[in-house]
Amino acid sequence: MRVSQRDHQNILDQTDIVDIISRYVPLDKKGKEYVGVCPFHDDHSPSMHVSLDKQIYKCFACGAGGNVIKFVSEIEKITYQDALIKVAELIHYPLQLIHEPQKTKDPNQPLYDALRLFTAYGKYELNSPDGLQASQYLAERKFSKQIIDDFDIGYVPSFDMVSQYLQARIKDRDVLEQTGLIVAGESSYIPYFYERILIPIHDANGQPVGYTARILPGSSKKAKYVNTTTTVLYEKSHLIFNYHRAKKYAAKAGRVILCEGAMDVLGLAKAGMYEGIANLGTACTPMQLDLIANLHVPVVVFYDQDSAGQKAAWNFAQAAFKAGIRFSFVHTTQAKDPDDIFIEKGAEALQQAVNSTISYAEFAFDYLQTQYNLQNYEDKKQYAKLMEEIIRNSLEQYEQPVMFDRLKELTGYSFEKEHSSWQPKKAGHQFSQPIVTPPVEPGHDHAEKSVLWCMLRSDQFIDQYNEQVGVFTNPTCMTLFKYLQLFYKQHSTIDPLSLFEVIEESDVKQLFLELADWPDYSDMIDQLFNDSTKKILKDVIENQINAINAQIKQVKNPLELKDLLIKKRDLVCRKNQI
């Protein structure tokens, strides 16, 4: 059962918060507000303030606060919905509960259960006599008990032992085949994983979906690592190793560290950096980019220094830049992966390596020299042209001269700063061409959310955004923007609780809560706003260019065609100058 959004809002509108709270706590009127001893901590003086106008309570000692429903929920120690029902009864509101159909059982639950059982089996065997060599190897690689437990690392013994275990404990052959624990299509139970260290892999929600497994030193097996084959649960292009754990650590650290493989992530964890993730050896797919973008933190790329690793880093950079994801690269002269650095030099050396980063432009400056022959005229020209584009588009204006000086020293080409007579549009001004709004891409969507996050901190960004852009292509973002404009007209700062109560649309409330959970970027808020606004403005102009291109295809009058071409040229110039 649930309460409709309409009933929820009506109950809040019709409830006197002072009347309800005074049933639990004596309140005294003080000016426009009421004060009382806070029941949520050992309060010896009236620290809790109740606002009749705003219909909220706030304790300035322990931080407790919210609407009347939350108060009843907290003091009665019941769920929010139960508190909502209780308040409805207290004010005699005719509440109609909505009966929802019973949720159907997840058809994949047997598969998850089988994988959890197999993981437990691997953990048991790691601590058995059969797992002695594996546990010794992990000790040599400086795996602590905490890391082994945190990541559910185990060991699967001989072929026969694993086969017998699977037949005895997981009797449904279809489940074993669907999880990839046995080779499908064979008459006998042929285990896919045996005589290997077992590292479980989970989806973004923390459900087990498969494994990556490593051989022990001295093994005759050819493949150092084997991963679960593609199954109904395991599709490596949709998965990121350690994503479900790294989410909370990334928010706290203000970054996520992207590696090539699971052992790299484990190496970071040994050094106390739990915000590591890995793509399991695959190129970064659009689905994985979406997951990374949803973390709302900059990415530190820590790929191998060999040619394959650097190529993978370059491919990620191109995709991430297009998606609007902020990133930098670990810059180290050591041809070592994170785990090797930790083992050879310790946690401090690995932490220093991760903290030594370079920009996209700096990485490209070196990497592209391996892809172009600078002794060849055409290659050198293409290299310089590509570097110019990267420098202008990825670096702040004050960063660009240094990189252009380096580029001139290397190639001999001199790049002057471009000038533009175009000025940002004033509030209320409409572009001469209609704006065609395409489906919102992850990078553009993230940029609009970033601007809103800045606006929640200061109304100065509302004025700046109105002057430069003035619109949001995402309707939910646009609605929240209007709420912020209206709220700032009535208040000098944003009070989250008060604003939340004003918002009516559920999708806008969800967006507001999402932004409230973002990390604190206050020390770089101007850069965040400027970079995001540039991204949005470029997309707006690109939409105008697309609209003109569509008109060009249809126009037949030479004079009209000339006029359109001039407008397009001006727009392209404007876009290049942002």
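**Cysteines, cavities and a helix**

Colleague: How many disulfides does the count come to?
Modeller: This is a predicted model. A pair of cysteine sulfur atoms must lie within 2.5 Å to count as a disulfide. By this rule, the count is zero.

Colleague: Which cysteine sulfur is nearest to that of Cys38?
Modeller: Cys38 is in no disulfide. Its relative accessibility is 3%, so Cys38 counts as buried. The nearest cysteine sulfur is 3.7 Å away and belongs to Cys59.

Colleague: How many charged residues are in the lining of the second largest cavity?
Modeller: That cavity holds about 40 Å³ of space. α6, β7 and α11 each supply at least two lining residues. Eight lining residues are nonpolar and none is polar. The charged count is one.

Colleague: How much space lies in the largest cavity?
Modeller: The structure holds two cavities of 30 Å³ or more. The lining of the largest includes His296, Gly324, Arg326 and His446. By class, that lining has five nonpolar, three polar and one charged residues. The space in this cavity is about 50 Å³.

Colleague: How far apart are the end C-alpha atoms of helix α13?
Modeller: The helix has 17 residues, 307-323. At 1.5 Å a residue, it should span 24 Å. The model agrees, because the end C-alpha atoms are apart by 24 Å.

Colleague: Which residue follows α13?
Modeller: Ala323 is one of the buried residues of α13. The residue that follows the helix has a positive phi, near 80°. That residue is Gly324.

Methods
Residues numbered from 1 in each chain as written. Predicted model: local features only at pLDDT ≥ 70, side-chain atom pairs only at ≥ 80, totals over all residues. Heavy atoms only, no water. Helix = DSSP H or I, 4+ residues; strand = E, 2+ residues; numbered from the N terminus. Expected span 1.5 Å × (residues − 1). Buried < 20%, exposed > 50% of the residue type's maximum accessible area, 1.4 Å probe, protein only. 1 Å grid on protein atoms, 1.4 Å probe; cavity = no way out; pocket = protein on both sides within 12 Å on 5 of 7 lines; lining within 4 Å. Points joined across faces, edges and corners; volume = space filled by probe spheres on them. Nonpolar A, V, L, I, M, F, W, Y, C, P; charged D, E, K, R; others polar.
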